[in-house]
Amino acid sequence: MNREKLTKIWQKYQKEIPEDNYFFVRSCVRQAFFPGAEQMFVRIMRDVLKKNLYIHPLHSTCSGIAYHADIVPLETTMTVVARQFSLMNESGYNNFVPSCVTSFGVYNEMIHMWEHYPHMLEKTKSQLKAATGRDFQLPAHVLHSSDLFYKFRMEIAEKAKYTLTDQKNKRPLKVVDHVGCHYAKIFPDAGVGGAEYTQVLSGMVDAWGGETVDYPERRHCCGFGFRQYFIQENRGYCVAQSQRKFESMEPCQPDLIVCNCPGCSFFLDRWQYVISEVEGKTYGPDNEGIPVFTFEELAALVLGYDPWEIGLQLHQVPCEPVLDKMGVKYDPEKKFMLPFRHIVDYPEKPNVLKWYI
């Protein structure tokens, strides 16, 4: 394939990301799994990058997980999405930014169907009007929150206190990027780089001093799969898919995994604990796992925020090996100390996975 054709293909997967003025909708899942991550996104956008990021107090879940699990009907999800856009309209914004990758996929899917089936758009408008008295217009841009950190990755690098570098030998940390399927695979042209060459996370890694690791199962699903996981009897299939990824990346000896999906980060973290307990297997040296970070957590770490303020103590796979390599200063005594309290509650120690207290 000649260079001109390659250039045209790559241009197809470039995304216009506005400079400022974003309507941000939080994630129900991200707040439940790693609440510090989303809060760090808000603080970095506002305090570090000095961007106008608005959060409407009345926004709701997108209904995405229930929709994909066939619990909430399509028409209901369309109306929920329409209400979100209506809140954006009345607030004077047109750059819509969901925190969750599932939500990002849902919003793009609804817009896609409305564009191709105008009668569905009219029906949604009618249902929204009947239920809430509202009307809505489509956003000019639908951006995932990771798109914004990708766009401003160099600004973050300029303000960084730490880099993704092993301070002992000065080598770049080896980083596995796991991009959520609902970011890149449903509508490839909605993400940065398409499905196979997604740059949204690897671009951050490169800018912050790390080295992106390529491996055979790099684009394989994390194993969540919604309906597979929600049916308890199917959860063995979910953990098997994550294990397939771990087995594939293990020879590369990555220092960490970074994700842009709350479900992916949760399961790639938690399944390592499950595998260690069930099979006695870990994927890092000396019974360590491979630490898993969300992109917000990684950005906050680079910028010098306290690891426990970021919320890294909520991870099942301890993050201390990465902190030590980067030279991050932290107080191990405060890891499980709750704000404004001096009582420390320690979680139950794993049987196999190396733990830090």
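Visitor: How far apart do the centres of the positive and negative side-chain sets lie in the protein chain?
Guide: Happy to start there: Lys and Arg count as positive and Asp and Glu as negative, with His and the chain ends not counted. Each charge is placed at NZ of Lys, CZ of Arg, CG of Asp or CD of Glu. The chain has 40 positive and 43 negative side chains, and the centres of the two sets lie apart by 2 Å.

Visitor: What should I know about the model itself?
Guide: This is a predicted model, where local features need pLDDT of at least 70, side-chain atom pairs count only at pLDDT 80 or more, and totals for chains, interfaces and linings use all residues. Residues are numbered from 1 along each chain as its sequence is written, and side-chain values use heavy atoms, leaving out hydrogens and water.

Visitor: Which radius of gyration does the protein chain have?
Guide: The radius is taken over C-alpha atoms, and the globule rule is 2.2 Å times the number of residues to the power 0.38. With 357 residues, a compact globule would come near 21 Å, and the chain agrees, having 21 Å.

Visitor: Does D286 count as buried or exposed?
Guide: D286, a residue other than glycine, has a positive phi near 55°. Buried means under 20% relative accessible area, exposed over 50% and partly exposed in between, with a 1.4 Å probe and protein chains only. Because its relative accessibility is 65%, D286 counts as exposed.

Visitor: What is the phi of N21 near?
Guide: Most residues other than glycine have a negative phi. N21 counts as partly exposed because its relative accessibility is 37%. Its phi is positive, near 70°.
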